[in-house]
Amino acid sequence: MSVPRYWREIPERSRLEASKCTTCGNIIYPPRARCAKCGSDSIGPYQLPERGKILTFTVIRNPPRGFEKMAPFILGIIELEDGARLTTQITDVMPREVIIGMPVEAVFRKVSEDGDSGIIQYAIKFRPVF
Amino acid sequence: MRRVAILSCGLTKVEKHWRKSLRELFGDAAKEALKDTRIPGIDALIVGNMCASDLSDQNNIGALLADYLGIIPSTAYRVEAACGSGGAAILAAYASVASGMYDFVMTGGVEKLTDGVGGDTTYSLGKAADAEYELFFGASFVSLNALIMNHYMHVYHVSREAFADLAVFMHKNGARNPYAQLPFEITRETVLNSEMIADPITLYDCAPVGDGAAVVIMCPLENAPKYSDNFVEITGVAGATDTINISSRSDLLSLNSTVVAVNKAYKMAKVTPADIDVAEIHDTFTITGALSIEDLGFSKKGKFNKLLSDGAFEPGGVVAINPSGGLKSRGHPVGATGSYQVAEVTMQLMGKAGRMQVPNAEVGLTQNIGGSGSSTYVAILRRAR
Amino acid sequence: MISVKPIIDVAISGWGSYIPMYRIAVEEIARVWGKSPKHFREELLIDEKAVAGIDEDVATISVEASKNALNRAGLNPKELGAVFVGSESKPYAVKPTGTIVAEAIGATPRVLSADMEFACKAGTECLQCCIGLVGSGMINYGLAIGADTAQGAPADPLEYSAGCGGTAFIVGRKDKEKEPVAILEGSVSYVTDTPDFWRRPKRDYPSHAEAFTGEPAYFTHITSATKLLLEELSLMSTDFKYAVFHQPNGKFPLRAAKILGFKKEQVEPGLLVPYIGNLYAGSSLTGFSAILDVAAPGDRVLLVSFGSGAGSDAFSFVVQEGVRTKRDMASKVMDYIKRKQNIDYAIYCKFRGKIVL
């Protein structure tokens, strides 16, 4: 991933900064220019909560380029406390211990590295609440 | 709006065509489609393709193929909607004829997935997903569908075996298809024992990687008898989208793009699911096939497996699904798949489907998905009298 | 005339730690290299060490420790005037970890940030800097972090003890802190050019001068800094409830305590190395964090770090009421120590990047 592309989305991916439609209250994440629910383009900032539960998950055993060192890793959709959902990795847990519905919390972790000379990419992942 | 016919079609076998380049493969399918049509010329070429830019270092496909086929200076351009490129090209071609703008339009798809090494191909295919919010985390096309499959099994309590049975069904059909990449039967165990790619999706839940090209030629319906004795009419065609990021779907277990597109198409063609005799649907993975069957209206939600085991989808059943073997057995040359589906249903309605022939097929449907449900293109065809 | 504390009195507003969940036992390392684990368990008092997961590094450790500290301090991160990270295993050789942390916690852009290196005392360096900046009135709050994921060379004795983890402290002004956790009485630094342990740029693993790392390095600097501080503050070992010394193993801090006239009971509550190993720049700060998790208002705590190269920073803090109200607002050191999963040497190698792909 190019440097500008990583850097531009740091607030969204590393701090869970999202948007909310000020007309109908729809939570928008990832960001969009207009609200899909009501069509309004009046969008304001919104902070996603840091807790939720696992809606679904999978274990990636054939990692894509750049993720070879990380296999096997767990990808999941988390449903946050406010109902918003996001796709991210689930960490600090073994694949066989993951259950749909498990309560999880946000943590800042390494996602990938551009080899040993490129930049390191970080973002929010989720781990089981302990 | 004029009514539109498909005069002819041509397709190559789906396989790892090491010795054929992108242009050669399309050329083979196009020449087959042009054979014996007696048309004066091609006004426009609209081609679907997803990965040529990454894997063959080739953009500007429209111009390339028009040049290669000797049909310059006709209008030519590429349509891209991930694995729905072929279906999107059909929609664009239909509109260009129906509008009165062009009379003879060649549309098709071509894909050379084997021009990429394994990692390159997977990487290119992954670009159908949300690059910043899905691919960023190491998601790939398979893993995003695995998220949906896992959720489906949890919510509807459908077993892993039921999905395996869908793959077995596809192969049973594909074994009769001379154009199929994997024309052999398999068993449940083949699926369940094959390599785990992203839990719970195994290798045999997935469409294979292959190359292919398929082409159809369209013209206004009123002119068709002049050029062919055997043609079909496109009576319904539609496209729709859904969120690209699957975590934003309002219903993770429904392909809303399929629901909206097919309902538009049914309305346009003035038919219902019960009227469909043969359907070529988009089963990239067994879960995609299951959801497609349900969202096209051929089954209630969470119940595809019941109808499958009752034989409802066999040729001669309630609706013959994927007599070609579908993406699972016929293959999935990504940007060309939508074109294959239309060519196959066309051949069914023309009575030219050979061992795959569904008896008395009058109305057929094709459903082509882009990405993990972010878009769907549906076409409904009718045998013309 | 120099002072052991700044013109404006400073306090600790918040503290927080983070320790990764994976552990490797000394038996497991010894098994691979044909050694006996006895020496490590019984003499060096190390049972197992904490290992960073494949997606963890000093930046991620620092972020979680900092968020715990911010939660306890009850602070908006934008109020931080400085973010310092002390480490000898920072993710980039050139590019500050401090900015990665500052951005992730939302402290940017009006903030001073830098990475410090002084082997295992880099964390307390950051603390000294924050004390100075707050104490001068230049900033209201400073975040000081000591964190490491240091590597021990395979088969080297240091492989048994080099652990991963870190701790963050938020320093604020005593006159503005409604619920201070602890007040600083004074601090001194004692530094000489003593090359006991080092790493040259192109090497993956550090080198050390073996026994030389004892008396001329660790013990000289720890005892000198402590004596200097006690003299300046006119205090004796008996005035302290707790004493935290840098913990490269369990033996050294207990011996330093004995030399200086401190009792085992003063040192043991902050002695974490048996469970998690030596956290390097996070070592003494994490020991102090564990003390704050249990200390009572009025307790006086001695904190003395040691960094190879070499030097020691010594601090005297008096715990305040804020420790009681703020303690439960974040996970404690013991919570992280109890959250553990043992791994074998193969997974350890994978996590620590020792396998070439």
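Predicted model: local features only at pLDDT ≥ 70, side-chain atom pairs only at ≥ 80, totals over all residues.
## Helix pair in chain C

The crossing of the two helices is right-handed.

On the α6(C) side, the contact is made by C:Tyr218, C:Phe219, C:Ile222, C:Thr223 and C:Thr226. The α7(C) side contributes C:Phe252, C:Ala256, C:Ile259 and C:Leu260. Of the residues in this contact, seven are nonpolar and two are polar, with no charged residue.

## Helix pair in chain B

Two packed helices are described by the angle between their axes and by the distance between those axes. In chain B, helix α7 (residues 160-174) and helix α11 (residues 286-295) have axes that come within 9 Å and cross at roughly 90°. Helix α7(B) is therefore roughly perpendicular to α11(B), since that class takes in angles of 65 to 115 degrees.

From α7(B), the residues B:Phe163, B:Leu166 and B:Ala167 take part in the contact. They meet B:Thr286, B:Ile287, B:Gly289 and B:Ala290 of α11(B). The contact of α7(B) with α11(B) consists of five nonpolar residues and two polar ones, and no charged residue belongs to it.

## Cis peptide bonds

In chain A, the peptide bond joining A:Ala71 and A:Pro72 is cis, with an omega of about -5°. A:Pro72 lies in the loop that runs between strands β4 (51-60) and β5 (73-80) of chain A.

Chain C has a cis peptide bond from C:Thr108 to C:Pro109, where omega is near 0°. The loop holding C:Pro109 is located between helix α4 (97-105) and strand β5 (112-116) of chain C.

## Positive phi angles

A:Leu16 is not a glycine, yet its phi is positive, at about 55°. This residue is found in the loop between helix α2 (10-15) and strand β1 (17-21) of chain A. A:Leu16 is buried because 20 other C-beta atoms lie within 10 Å, and 20 or more is the condition for that class.

C:Lys95, likewise a residue other than glycine, has a positive phi near 145°. Its position is in the loop between strand β4 (80-86) and helix α4 of chain C.

Notes. Residues numbered from 1 in each chain as written. Chains lettered and ligands numbered in written order. Left-handed = near helix turned anticlockwise from the far one by under 90°. Helix = DSSP H or I, 4+ residues; strand = E, 2+ residues; numbered from the N terminus. Contact = placed C-beta atoms within 7 Å. Nonpolar A, V, L, I, M, F, W, Y, C, P; charged D, E, K, R; others polar. Buried ≥ 20, exposed ≤ 12 C-beta atoms within 10 Å, placed from the backbone. Axes fitted to C-alpha atoms, helices over the stretch in contact; angles between N-to-C directions. Parallel < 35°, antiparallel > 145°, perpendicular 65-115°, else oblique.
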